[in-house]
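User: I'm new to reading protein models. Could you walk me through one, feature by feature?

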Amino acid sequence: MTAVTSVYAAHTVALCAGSATWLAMMRDPGARRARVLFADARPQQPAGRWPRLLRTWEQMAAAARGGREWWCVPAAVLLAVVGSSVLPLVAGAMAVPLVLRWLRRRAGAREAERGEAAVAALCGAVVGELRAGREPGQALLIALCEGPAEGGAPLGAAGSGGRLGKAEDEVLAAARFGGDVPGALRKAAKGPGLGGLSGMAACWRVAVDGGAGLAAGLERLEATLRGERRRREELRAQLAGAWSTVVVLALLPVAGLGLGAALGAEPLRVLLHTPAGLACLAVGASLEAAGLYWACRIVRGGETT
């Protein structure tokens with residue numbers, strides 16, 4: 001009877017922990033935004049041990065969602081426990097900044113792609129408004145505030161949180177009150193992926209000073225931006241096979257360790273607790289890192305050509 005009761009108690013504890021994890025991970029983002037906006041109006045939570053534990057758990061869950069590079073630490077702890085060695089912990093600690101740098105590079109690349117798509121869509125929206133008979137400033141203002149970007153979202157939603165970055169407010173102010181629109185566009189062009197705005201500023205300056213057609217220049221700029229994006233996507237599709245080869249080659253040592261463990265050879269014990277294994281581990285890790293770096297350089301060189 002005691003054993004059955006302990007089993008039920010363990011199941012209850014596991015169910016409660018899983019429910020708390022799910023609630024922490026699936027919390028409504030709108031509620032978080034409301035708490036940030038109305039921080040002064042947030043009611044004070046009662047003091048006590050359990051509220052503090054819940055707040056600590058929420059903070060840990062938020063850190064886990066926002067810092068994916070820290071997942072290297074649990075993996076390193078698992079390997080350290082399985083291999084009974086401290087070397088995986090050292091490797092995991094060294095891997096955290098490398099993974100963080102890789103994640104930031106990927107996030108920057110995605111942000112640059114979204115910026116390029118937003119600039120092309122902005123040019124198309126401005127051209128449409130100019131063809132409809134709008135004035136240049138009014139056309140830019142309508143395109144920023146109401147023109148749909150790719151995916152149906154407004155180009156300039158929420159001011160400084162829009163697609164053109166922090167300088168979007170200056171562009172909107174210049175378009176609304178007759179300010180220096182080319183200067184504001186050049187300033188906004190410093191954002192990631194927004195370099196096409198400098199071409200838009202040049203077209204605007206030529207149209208204002210020389211009387212040339214702004215719609216024709218923006219139309220050619222939009223075609224150029226979309227052509228570059230299409231060429232980059234085609235090149236990325238062609239290099240997908242090369243990236244797959246790099247990933248497979250990187251995972252071959254892990255597959256070898258798994259195969260050795262399945263055959264009962266205890267590869268972790270040999271690698272982490274014998275001099276010959278430590279030497280092989282150091283040489284193999286160096287060759288693996290050099291090979292990955294060389295392969296990534298080759299593939300990225302193909303992407304930039």
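Analyst: Let's start with helix packing. Axes are lines fitted to C-alpha atoms, for helices over the stretch in contact, and angles run from 0 to 180 degrees between N-to-C directions. Helices (H or I, at least four residues) and strands (E, at least two) are DSSP runs, numbered from the N terminus. Here, α7 and α8 pack at an angle of about 170°, and their axes are 9 Å apart. Before we go on: this is a predicted model, where local features need pLDDT of at least 70 and side-chain atom pairs count only at pLDDT 80 or more, while totals for chains, interfaces and linings use all residues. Residues are numbered from 1 along each chain as its sequence is written, and side-chain values use heavy atoms, with hydrogens and water left out.

User: Are α7 and α8 roughly parallel or roughly antiparallel to each other?

Analyst: Angles under 35 degrees count as roughly parallel, over 145 as roughly antiparallel, 65 to 115 as roughly perpendicular and the rest as oblique. So α7 and α8 are roughly antiparallel. Contact means heavy atoms within 4.5 Å; among the residues making it are Val-171 and Ala-174 of α7, and Ala-184 and Leu-185 of α8.

User: How many helices and strands does the protein have?

Analyst: You'll find 13 helices and zero strands.

User: What is a nonpolar core, and which residues have the most contacts inside the largest one?

Analyst: Think of a set of buried Ala, Val, Leu, Ile, Met, Phe, Trp, Tyr and Cys residues joined through side-chain atoms within 4.5 Å. Buried means under 20% relative accessible area, exposed over 50%, and partly exposed in between (1.4 Å probe, protein chains only). In this model the largest core has 33 residues, and those with the most contacts inside it are Leu-122, Val-126, Leu-140, Leu-197, Met-200 and Leu-218. Helix α5 gives the largest share, eight residues. There's also a second, separate core of six residues, including Leu-239 and Cys-296.

User: How much of the protein is buried?

Analyst: Buried residues make up 27% of its 305 residues.

User: What about backbone angles: where does Glu-266 lie, and what is its phi?

Analyst: Most residues other than glycine have a negative phi. Glu-266 has a positive one, near 55°. Glu-266 sits in the loop between α11 and α12, and is partly exposed, at 45% relative accessible area.
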